[in-house]
Amino acid sequence: QVQLVESGGGLVQPGGSLKLSCAASGTAFSIFTMGWYRQISGKRELVAALTTGGVPDYADSVKGRFTISRDNAKSTVYLQMDSLKPEDTAVYYCNARFRSTIIWGQGTQVTVSS
């Protein structure tokens, strides 16, 4: 069973950058589609996802600003967030999916404020 631990959240000014990391423990990381979600006002939404074949998918609100990547050798997925806006403030969750198996991390807070 894969377990996920996020890191890299924090407080940043508008226009700034943060890089989130999600380290997976367990086996078979490379078979999972990895994603980042965020929760705002109780609603969880997809931010970005990356298939095992390396095909990314982004929410319209973050296209051109966020970049998802993965390092299978390190069992880690990243989310580079640039040009951050106050509306990006949320708890960000890492997600791993393979067929009917869905695994979540514990979340990391990102706050964009001056």
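**From one arginine to an open sheet**

R38 is found in strand β4 (residues 33-40), where strands (E, at least two residues) and helices (H or I, at least four residues) are DSSP runs numbered from the N terminus. The model is a predicted one, in which local features need pLDDT of at least 70 and side-chain atom pairs count only at pLDDT 80 or more, while totals for chains, interfaces and linings use all residues. Residues are numbered from 1 along each chain as its sequence is written, and side-chain values use heavy atoms, with hydrogens and water left out.

At 3% relative accessibility, R38 counts as buried; the scale calls a residue buried under 20% relative accessible area, exposed over 50% and partly exposed in between, with a 1.4 Å probe and protein chains only. Leaving aside neighbours within four places in sequence, R38 is in contact (heavy atoms within 4.5 Å) with residues including K43, V47, F66, D88 and V91. The side chain of R38 also makes polar contacts, one of 2.7 Å with the side chain of E45 and one of 2.9 Å with that of Y92. Such a contact is a pair of N or O atoms within 3.5 Å; within protein, one atom must be able to donate a hydrogen and the other to accept it, and residues adjacent in sequence count only if both atoms are side-chain atoms.

The pair R38 and E45 is also a salt bridge, with the closest N and O atoms 2.7 Å apart, the term being used for a side-chain nitrogen of Lys or Arg within 4 Å of a carboxyl oxygen of Asp or Glu. E45, at 27% relative accessibility, counts as partly exposed. A search of the whole structure finds four salt bridges, and one of them joins the side chains of R65 and D88 at 2.8 Å, N to O. Because R65 lies in the loop between β6 (56-58) and β7 (66-71) and D88 in the loop between β8 (76-81) and β9 (90-98), this pair ties together parts that are 23 residues apart in sequence. Both partners are buried, R65 at 10% relative accessibility and D88 with a relative accessible area of 1%. R38, E45, R65 and D88 are linked in a network of salt bridges. A further salt bridge joins K63 to D60, with the closest N and O atoms 3.1 Å apart, and here D60 counts as exposed at 64% relative accessibility.

Strand β7 leads on to the sheet. β7 pairs with β8 in the antiparallel sense over six bridges, pairing being assigned if DSSP finds at least two bridges between two strands. Within this arrangement Y78 in β8 is the bridge partner of S69, and in the hairpin of the two strands, which has four residues between them, S75 takes a positive phi near 50 degrees.

Which strands make up the open sheet, and in what order? Four strands form it in the order β1-β3-β8-β7, with antiparallel pairing. β1 (3-7) and β7 stand at the edges, each with a single partner strand, so one side of each is left without a neighbour in the sheet. The twist averages 15 degrees from one strand to the next.

Note on methods
Axes fitted to C-alpha atoms, helices over the stretch in contact; angles between N-to-C directions.
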